[in-house]
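Dear colleague,

Please find below the structure that I am handing over to you. My notes on what was found in it follow directly after.

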Amino acid sequence: LFRKKFPRLRARILALAKEANENMKWGMVTNKEFNIRVAEYHHYREGGCLAEMNHYDKGSLVTVDIMLEKPEKGGEFETVEADQQRKKHEFRVGDALAFAS
């Protein structure tokens, strides 16, 4: 469904995942064809978060998050870094963040 309804967006997301993989030298995306495993839409509320420190997207190589609209409050995006510290990332409407899953 995503492939049929949003082909240009799909191509841009795949290109971003491949570019991030190359720039960060993750070595996860090879020259062979790869796919979008799942496309999800999340509506966040004030105080909502994914507080699990060891969360990862099982079965995925690279995760791409896209900010679609300005949050009323909050809207901070955090990742857990290799040293187990949380890092906040600037995340505005139209931004996309790519990270190893």
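**The aromatic cluster**

Ring pairs link Phe 77, Phe 91 and Phe 99 into a cluster. Please note that this is a predicted model, in which local features need pLDDT of at least 70 and side-chain atom pairs count only at pLDDT 80 or more, while totals for chains, interfaces and linings use all residues. Residues are numbered from 1 along each chain as its sequence is written, and side-chain values use heavy atoms, with hydrogens and water left out.

A search of the whole structure gives three aromatic pairs; rings of Phe, Tyr and Trp (its six-membered ring) pair if their centres lie within 6.5 Å, and planes under 30 degrees apart count as stacked, over 60 as edge-to-face and the rest as tilted. The pair of Phe 77 and Phe 91 is edge-to-face, because the ring centres are 5.2 Å apart and the planes stand at 65°. This pair links distant parts of the chain, 14 residues apart: Phe 77 belongs to strand β2 (residues 77-80), whereas Phe 91 is in the loop between β3 (86-89) and β4 (96-100). Helices (H or I, at least four residues) and strands (E, at least two) are DSSP runs, numbered from the N terminus.

Both Phe 77 and Phe 91 are buried. Here, buried means under 20% relative accessible area, exposed over 50%, and partly exposed in between (1.4 Å probe, protein chains only). Phe 77 also forms an aromatic pair with Phe 99, and this one is tilted, at 5.8 Å centre to centre and 55° between the planes. Again distant parts of the chain are linked, with Phe 77 in strand β2 and Phe 99 in strand β4, 22 residues apart. Why is Phe 77 counted as buried? Its relative accessible area is 15%, whereas Phe 99, with 23%, is partly exposed.

**Salt bridges**

The structure holds two salt bridges, each defined as a side-chain nitrogen of Lys or Arg within 4 Å of a carboxyl oxygen of Asp or Glu. One of them joins Arg 86 to Glu 78, with the closest N and O atoms 3.3 Å apart. Arg 86 is partly exposed at 42% relative accessibility, and Glu 78 is partly exposed with a relative accessible area of 35%. Glu 90 forms a salt bridge with Arg 92, where the closest N and O atoms are 3.0 Å apart. Glu 90 counts as exposed, at 54% relative accessibility, and Arg 92 is exposed with a relative accessible area of 54%.

**Positive phi values**

Most residues other than glycine have a negative phi. Lys 25, however, has a phi near 60°, a positive value in a residue other than glycine. This residue lies in the loop between α2 (7-24) and β1 (62-66), and Lys 25 is exposed at 71% relative accessibility. Gln 84 has a positive phi as well, near 70°. Gln 84 is located in the loop between β2 and β3 and is partly exposed, with a relative accessible area of 43%.

**Contacts of two residues**

Phe 2 is found in helix α1 (residues 2-5) and is partly exposed, with a relative accessible area of 23%. Which residues does Phe 2 contact, leaving aside its neighbours within four places in sequence? They are Pro 7, Leu 9, Arg 10, Ile 13, Ile 36 and Ala 39, where contact means heavy atoms within 4.5 Å. The C-alpha atoms of Phe 2 and Val 38 are separated by 9.0 Å, the two residues being 36 residues apart along the chain.

Thr 63 lies in strand β1 and is buried, with a relative accessible area of 11%. Not counting residues up to four places away in sequence, Thr 63 touches Asp 57, Leu 97, Ala 98, Phe 99 and Ser 101.

**Confidence**

The mean pLDDT of the protein chain is 84, and 98% of its residues reach 70 or more; pLDDT is the predictor's confidence in each residue, from 0 to 100. Confidence in the protein chain is lowest in β2, at a mean of 83, and highest in α2, at 91. Where pLDDT is low, the predicted coordinates should not be read in detail.

With kind regards
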